[in-house]
Amino acid sequence: MSTRRWSEMLFSDLLFDSALTCTSAAYRTALVSLGIAVMATFFLCAMVFAHLLRSRRALQQSEARFRATFDQAAVGMAHVGLDGHWLHLNQRYCDLLGYSIDELRKLTFQDVTHPADVEADVALAGRLIAGELSTYSMEKQYIRKDGSLVWVALACSLVRKTNGEPDYFIALATDVSERRAAQDALRHERDFTSAILDTVCALVVVFDREGHIARWNRACERLTGYTFDEVKDVPVWDRLLLPEERAAVMHVFARIVDAQENTRGYENHWVGKDGARHLIAWSSTTLVDDGGRVAHVIGTGIDVTDQRRAEAHRARLYQEAEDAIRLRDEFLSIASHELKTPLTPIGLQVSHILRALRKDPASLPPDKLLPRLETIRRQVERLGSLVTELLDISSITAGRLRLEWEEVDLAAVARDVALRLGYEAARAGCKLDVRAQAPLPGRWDRARLDQIVTNLLSNAIKYGAGKPIDLVVEGDDSTARLLVRDRGIGIAPEHQARIFDRFERAVPDQQYGGFGLGLWIVKQILDALGGTIRVTSAPGSGATFLVELPRRPDQRGQVAA
């Protein structure tokens with residue numbers, strides 16, 4: 001029976017009863033009002049009851065949905081008390097840990113968390129309670145009931161009471177053991193690969209298709225001085241290349257990327273952090289993506305700086321050996337010619353004298369014999385000079401040229417040499433102007449000073465073209481200066497440096513004799529005496545040689561080889 005029908009019947013009964021017992025109109029009115037009030041109250045109670053019934057059903061349905069979501073979720077869900085005890089757990093959480101619900105409710109989350117992760121987990125929970133965080137997440141290890149470990153991704157939040165006080169934690173746990181195992185395997189593989197790459201001596205560097213450094217090994221770090229973090233994602237040509245090589249390397253790299261063309265034996269320089277240059281010989285290969293485009297270029301390089309330097313050194317030694325052989329052959333040719341030159345007139349004069357004496361001794365009076373003997377003497381002196389030069393070159397090259405130190409007057413030595421070569425100068429038509437009157441003493445080797453003056457003055461007579469020659473000695477308290485000036489053929493500027501080298505001359509051998517050793521010997525002796533020699537000249541204007549000597553040099557005793 002419906003509520004409305006039941007109310008109508010009740011109202012009819014009340015009216016009937018009232019009509020039988022009451023006759024007063026006022027009384028009847030009161031009874032009607034009372035009936036209406038009773039029916040309204042009853043009707044209101046019925047509506048409230050129906051609403052409560054619907055709300056209860058909705059709440060039951062909501063609880064059922066929540067329970068289904070909680071229990072059947074694909075991740076572990078749990079309510080955890082502020083002291084760490086498990087309040088509610090779903091089956092997935094229990095499966096993760098290997099415990100039953102009743103067993104876990106006797107434990108705290110600290111009991112099943114790996115000791116290495118407890119401190120971090122508790123600290124984050126404390127920050128939740130303090131209001132510093134609204135949620136937190138972490139990866140941690142649980143210890144299962146059987147003692148095995150399981151990696152989970154944990155997300156945790158805090159439920160508060162209506163007054164804001166902390167109530168309990170909500171924890172969501174997802175099993176990430178497989179992912180962690182895959183990451184560990186990948187890390188192990190990467191570490192294994194890195195260990196191999198880092199132990200090899202070759203440079204191994206990986207570039208992306210734009211030339212940025214994506215990875216390199218320890219050999220690269222040792223060579224350049226840069227750590228990987230300092231060059232990661234940096235274009236190689238911006239950090240490591242010489243400016244003059246940058247365009248060429250970029251061109252080669254572009255050809256590798258565009259044409260997938262591997263290279264071998266390409267060489268360019270890398271500049272280290274300290275500015276040192278290293279020549280690298282490269283081999284490269286490409287890695288392509290699924291679309292067939294080059295994704296990375298792997299370069300393998302070897303530092304060939306020392307190798308190339310050694311090759312250059314060997315080539316230089318080989319060239320020097322060839323030059324030495326050539327110089328030796330030239331020297332032997334010159335020496336044989338120069339040694340024969342004085343021997344020829346000596347032999348002719350001796351033969352002529354002997355023939356004349358055998359035929360008629362009276363046919364060679366002193367006035368005819370003396371010129372022939374003078375010729376022989378000059379040629380013997382020339383021969384002796386040549387032999388001395390040969391001995392000097394041997395001694396100097398072997399580092400055995402000794403100096404006999406003593407007090408020597410350079411002016412006196414210069415006058416003696418000028419007197420000795422006066423006849424030769426006169427025969428060449430050269431007038432000697434000697435300005436060396438004032439004594440200029442110093443501590444030198446007398447014989448070597450004589451050799452210096454003799455060589456310079458002999459050259460001036462040889463190349464002086466029959467013109468006047470100046471021989472000047474001057475100086476101050478610390479330095480002595482010897483100047484020899486001729487007005488002959490002169491020396492071109494491009495020859496002025498090399499005339500002090502062995503077997504070098506600025507004129508053809510056919511026109512002027514000699515070994516080409518005189519100025520080289522002079523230079524070596526002056527080096528030993530601590531002195532210097534300079535030349536100023538121009539073709540057709542003669543040459544001026546200026547020697548400067550310290551008057552009290554360091555007594556090194558010999559010329560270095």
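## A tour from hairpin to helix

Select β9 (residues 277-288) and β10: the two strands pair in the antiparallel sense over 9 bridges. Strands pair when DSSP finds at least two bridges between them. Strands are DSSP runs of E, at least two residues, and helices are runs of H or I, at least four residues; both are numbered from the N terminus.

This is a predicted model: local features need pLDDT of at least 70, side-chain atom pairs count only at pLDDT 80 or more, and totals for chains, interfaces and linings use all residues. Residues are numbered from 1 along each chain as its sequence is written, and side-chain values use heavy atoms, with hydrogens and water left out.

**Stop 1: the hairpin.** Click Val288. Its opposite number in β10 is Val294. The hairpin of β9 and β10 has 5 residues between the strands, and Gly292 takes a positive phi near 85 degrees there. Leu203 has Gly301 of β10 as its bridge partner.

**Stop 2: the open sheet.** Move to the sheet of 5 strands, ordered β2-β1-β5-β4-β3 with antiparallel pairing. At its edges stand β2 (86-89) and β3, each with a single partner strand, so one side of each has no neighbour in the sheet. On average, neighbouring strands are turned by 30 degrees against each other, direction ignored. Zoom in on β4 and β5: they run antiparallel and are joined by 9 bridges. Find Ala153, which stands opposite Thr174 in β5.

**Stop 3: helix α6.** Select residues 115-130. At 1.5 Å a residue, counted over one less than the number of residues, these 16 residues should span 22 Å; the end C-alpha atoms are 23 Å apart, which agrees. Which residues of α6 are buried? They are Asp117, Asp121, Ala125 and Leu128. Buried means under 20% relative accessible area, exposed over 50% and partly exposed in between, with a 1.4 Å probe and protein chains only. Look down the axis of α6: the buried residues fall within an arc of 65 degrees, so they line one face. The arc is taken from the directions from the helix axis to the C-beta atoms.

Turn to the face away from the buried side. Pro115, Glu119 and Ala130 are exposed there.

**Stop 4: what covers the helix.** Show α5 (109-112), β3 (135-143), β4 (149-160) and β5 (166-175); the cover over the buried residues of α6 includes these. Contact means heavy atoms within 4.5 Å. α6 lies across β3, β4 and β5, and runs at about 155 degrees to β3. Axes are lines fitted to C-alpha atoms, for helices over the stretch in contact, and angles run from 0 to 180 degrees between N-to-C directions.
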